[in-house]
Amino acid sequence: MNQNRTMLHGWGRYPRVEARLSAPANVEELRSLLRDDTAASCIVRGSGLSYGDSSLAADVIGGSGLRQTWKLDGETGLLRVAAGFSLREILGEIVAKGWFLPVLPGTSLVSLGGAIAADAHGKNHHRDGSFCEHLGELRIMLANGEVVTCSPVERPELFRASCGGMGLTGIILEAELQLARISSAYMLSASLPAANLGQCFDLLEEHGGAQYSVAWLDCLARGTSMGRGAVFLAEHATDGELHYCNRNTMGVPFAMPGMLLNRHSLAWFNAIYFHWRRIRAGNKRLGHDACFFPLDGIRNWNLLYGRAGFLQYQFVLPGDAAREGIRLILERVIDAGKGSFLSVLKKMGPANGNPLSFPLSGYTLALDFKREASLFPLLDDLDAMVLDHGGRIYLAKDARMSESVFRKGYPDWERFLEIKRRVDPEFRFRSAQSDRIGLTGAAQ
Ligand SMILES: Cc1cc2nc3c(=O)[nH]c(=O)nc-3n(C[C@H](O)[C@H](O)[C@H](O)COP(=O)(O)OP(=O)(O)OC[C@H]3O[C@@H](n4cnc5c(N)ncnc54)[C@H](O)[C@@H]3O)c2cc1C
């Protein structure tokens, strides 16, 4: 089995951890690694596209060798597939057959295992829920090497804890997934300009019936223009053209000098982008890549933030408090002079009862910030505002939340720990993140 020592990081390039990375080529190698290895603890890693430290530890098991299962029932759209495949690879096989993944995050490069472990949400959460709501069975390797099956009816507690469980219950080997029918590889989209945050919310509400919706915000505009942006809506076309088109990509060759990214360049970028979207407002026919994964067109775009890396701060606020809470948080960010290339606002549907799943019925906002010392006190302030409004921070994006912020945001953490203790009594599966937020720290 391939094993080497290497520096690892997530998509935000912060933090970095020196790790022993083992790459089992199949389930048997994975089992012997867990049974024979003397390493006290480890975490599994998919594509390494979570932003912070959820797939970092001193011992890391690469999950991309888990690719032995692929079985599609062409009648029902039930797909049984190994966790190491990326969503892009899955789409590459199913679109031409008239099937589609029911939920897609903003990049197609994540592994199936990573999408389940984060219980990823897409631009259709308000209508279709999160990734794990479309699963049948999961096959999971527990810490002792035993492989078990769980589903909403068989070992339901293990199933619920593993959906959104950030790799802490066991290693997901394969999943059964109900695909959605499509009759076109194209999307019909509309882009609607919004003069301020209030209009963004109004448009998202007004178009709550659209299958996919998201708003991009200029998070540097002030005064009556604060939160101006564009609301993007999309539906599947029905013209019968079915083929998956791989788009060409361009790449960022090296980490940009951090000084290029300052208040002025961000304001410039946001203003140009806002006016560009206003000019291009209207209806369009788009391929899946352009509709769902515009950022995948620029390989390594995370290098734009420079060598120090960046943090994405994504939170959700529930119910009626969401609009006012997001306005206050955006105001605080603007007053602090911090900006974000991309600020994304989405409407969310109901929570699903998984103890660590992120979504709550309300709104989620994601902001990217260059890593610098002055950022951390601001994020601590934002944490307090998020909690005051009954919200929580997304584990898949987090690199710095404290134990107390985690516990208040995820009140079911004790239920999760109870299940973890049953299936992993020695706490073998743990990450830098799970130690930091007190799920697997010394106190356990
Ligand atoms: C550009 C970009 C856009 C994104 N947009 C969205 C979005 O719109 N919505 C959203 O919800 N998320 C989004 N994400 C976050 C992403 O969906 C999650 O972080 C996802 O977990 C990444 O999958 P991965 O394969 O890279 O996992 P990794 O980053 O490698 O790991 C993430 C977690 O999954 C666990 N894990 C990985 N494989 C397995 C396995 N086989 N068994 C058990 N646990 C496993 C790891 O232990 C870790 O805790 C985005 C990320 C990027 C970079």
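Predicted model: local features only at pLDDT ≥ 70, side-chain atom pairs only at ≥ 80, totals over all residues.
**Ligand shell.** The ligand is surrounded by 34 residues, of which the closest are Gly46, Gly106, Gly113, Gly114 and Gly167. Two or more residues of the shell are contributed by each of β3, α3 (112-117) and β10 (171-178). The largest share, 4 residues, comes from α3.

**Sheet.** Four strands form an open sheet of mixed pairing, in the order β1-β2-β4-β3. Because β1 (2-9) and β3 (43-45) stand at the edges with a single partner strand each, one side of each is left without a neighbour in the sheet. From one strand to the next, the twist averages 40°. Strand β1 runs antiparallel to β2 (residues 16-23), and 8 bridges join the two. Thr6 has Ala19 in β2 as its bridge partner.

**Helix pair.** The axes of α9 (residues 321-335) and α10 (residues 375-388) come within 10 Å and cross at roughly 170°. Angles over 145 degrees count as roughly antiparallel, and α9 and α10 are therefore roughly antiparallel to each other. The residues that make the contact are listed below.

| Helix | Contact residues |
|---|---|
| α9 | Gly325, Leu328, Ile329, Arg332 |
| α10 | Asp381, Leu382, Met385 |

By class, this contact of α9 with α10 comprises 4 nonpolar, 1 polar and 2 charged residues.

Technical notes: Residues numbered from 1 in each chain as written. Pairing = 2+ DSSP bridges. Axes fitted to C-alpha atoms, helices over the stretch in contact; angles between N-to-C directions. Parallel < 35°, antiparallel > 145°, perpendicular 65-115°, else oblique. Contact = placed C-beta atoms within 7 Å. Nonpolar A, V, L, I, M, F, W, Y, C, P; charged D, E, K, R; others polar. Near = placed C-beta within 6 Å.
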